[in-house]
Amino acid sequence: MHKFKPFSNKVIPFALPPLLLAISLSVQATGLNFWESSSINSALASANGAKASDASVLALAPSSITQLDSPTVTANVTYYRVSTDYYLFGAETDYEQADPIPAGFFSMPVSDNWYLGLAIYSRTAADISVPQITLVPETRVRPITVSIAPTVAYRWNDVSIGLTVESLQSQYLLEQEVCLVRCQDSKIEGTTSGWSGAISATWQVSQALSFAATHRLASQYSDANIEFDLPDITSLYATWSPLKNLDWHTTYSYTQWKNKGIRYTDYSDVIGLLVGASDSQRFATSLNYHIASWDLRVGLSLDEAIDAFGGNDIRYRVGAGYRFNTNWRTDIAFVFEDYARKEYNTNSGDSLVAVQNEGFAAGLGVTYTF
C-alpha cells in the first residue's frame, strides 16, 4: 500500500535512471538475510549462539542444542513491518509492507552424546516496492525462503559438532503496474526449491564462558521465473557470564553477498535491489539478566549495507521472558530499525534522489520443555 504526494508538477527527467543506477536502495540494505528467527534471538540480536536458551538456537549454532538436556519445542511468530520513503525530483512516494512470519523448532537428546533437532524458519526474505521511474514500471517483489533443517549433533566432553541439511522452499511474487496511455497490472507468482547445509561447533569452556561457530553453505536453484543464488554465511559467537544471573553475548558474521542474490526473469532490477554489490559484515551484542521467573534482554546489531553507497543499518532490541513453571515459558521481543539513508545530491548539496527506510518487528514465542 502506498500514497503519492505531489510536491511539484515537474516530470521526472530521463536522467533519473542513471542516477538511481548508482543508488542500491536501502530497502535491501543488509542483504536478504532475516535474523529475527525467534523472540529470544531477536531480543538478543541473534548473538546468543554459544548458549542455548531454547530450541531456536538451531537458527544460530545448531551444535549448541547439546546444552538442552530435555526435549524442547519452541513456536514463534514475528510481525515485521518496513516503510520506505522515496524522494524523486520533488515528488515523494511512501510504501509500507507488513507480514507475520512464523517459525518452529524442536530438539531432543537421543543418548548421552547424540542429539537431534528440526528447525522450520525463514532466513531469507524481502518485500520491496519501487515507484515507477520513466520506462521502469511500478514494481513489487516478494521472495521468501523457508528453511526446513534437520540437525544431528554429537557432544564429546565440552565440544559439540552439528551437521545440518537444509531443504529451502521458496515462494516468490512479482507485481508490476505500467501506466502509459492506460494502466495495466501484471502478476507472476510461484514456488521453487533447493538444498543447502551447515556445519557448526560449540565449545563450552566453563559454566561462565562458551564459544560457537557456524558455516552455512551457498545454494543456487531456479525455475523459469526466478533464480535464487544465496551466499555462504560464516558466524562466530561468544557468551560470557560475569555474574551467575547475567549473560553477555557477542557475534560476528560475514556473508558473501557480492554478485549473489535473487534474479527475476521478467524484472531487470536496474537499481540493484536484490543482488549485492559487496559482501556484508554483521556485529551484534546483547545482555540477558535473569531475576526470579523473569529474563530481561537488550541488544544492538550493526549490519553493513551491501549496496554501492555502503553505510550501516542499526537495530535496537529489547525483550523479556517469563517462566510459568518448569515446562512453560513465553518470550516477547521488539526491534527498532534505523537504516542508512541513501541519497544523490547536486554539487550545491540539494537532494535530487533520496531513499529512507524504517522498520519495526514484534515477536511472541512459547517454549515447552518436556
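Reader: How do the residues lining the largest pocket divide by class, and which class has 16?

Author: Keep in mind that this is a predicted model. The lining of the largest pocket holds nine nonpolar and nine charged residues. The remaining class, with 16 residues, is polar.

Reader: Which residues that line the largest pocket are closest to its centre?

Author: The space in this pocket is about 810 Å³. Its lining is made up of 34 residues. The ones closest to the centre are Lys51, Ala52, Ser53, Asp247 and Arg323.

Reader: And which strands each supply at least two residues of that pocket's lining?

Author: The chain has 21 strands, along with two helices. Those that each give the largest pocket at least two lining residues are strand 9 (183-206), strand 10, strand 13, strand 14 (246-255), strand 16 (280-291) and strand 17 (294-304).

Reader: How many residues in the lining of the second largest cavity are charged?

Author: Seven of the lining residues are nonpolar and five are polar. That leaves the charged ones, and they number two.

Reader: Ser46 isn't a glycine, yet it has a positive phi. Is Ser46 buried or exposed?

Author: Most residues other than glycine have a negative phi. Ser46 has a phi of about 50°, and it lies in the loop between helix 2 (39-43) and strand 2 (72-88). Its relative accessibility is 1%, and the cut-off for buried is under 20%, so Ser46 counts as buried.

Reader: Ala292 has a positive phi too. Is Ala292 buried or exposed?

Author: Ala292 has a phi of about 55° and is found in the loop between strand 16 and strand 17. Its relative accessible area is 65%, and anything over 50% counts as exposed, so Ala292 is exposed.

Reader: Across the whole chain, what percentage of residues count as buried?

Author: The chain has 370 residues. Its accessible surface comes to about 16500 Å², with 60% belonging to carbon and sulfur atoms. As for residues that count as buried, the share is 51%.

Definitions and conventions. Residues are numbered from 1 along each chain as its sequence is written. This is a predicted model: local features need pLDDT of at least 70, side-chain atom pairs count only at pLDDT 80 or more; totals for chains, interfaces and linings use all residues. Side-chain values use heavy atoms; hydrogens and water are left out. Ala, Val, Leu, Ile, Met, Phe, Trp, Tyr, Cys and Pro count as nonpolar, Asp, Glu, Lys and Arg as charged, and the others, Gly among them, as polar. Helices (H or I, at least four residues) and strands (E, at least two) are DSSP runs, numbered from the N terminus. Buried means under 20% relative accessible area, exposed over 50%, partly exposed in between (1.4 Å probe, protein chains only). Accessible areas come from the Shrake-Rupley method with a 1.4 Å probe; for residues, only the protein chains shown count as cover. On a 1 Å grid over the protein atoms alone, a cavity is a set of points where a 1.4 Å probe fits but cannot get out, and a pocket is an open set with protein on both sides within 12 Å along at least five of seven lines; lining residues have an atom within 4 Å of a point. Grid points are joined across faces, edges and corners, and a volume is the space filled by probe spheres set on the points.
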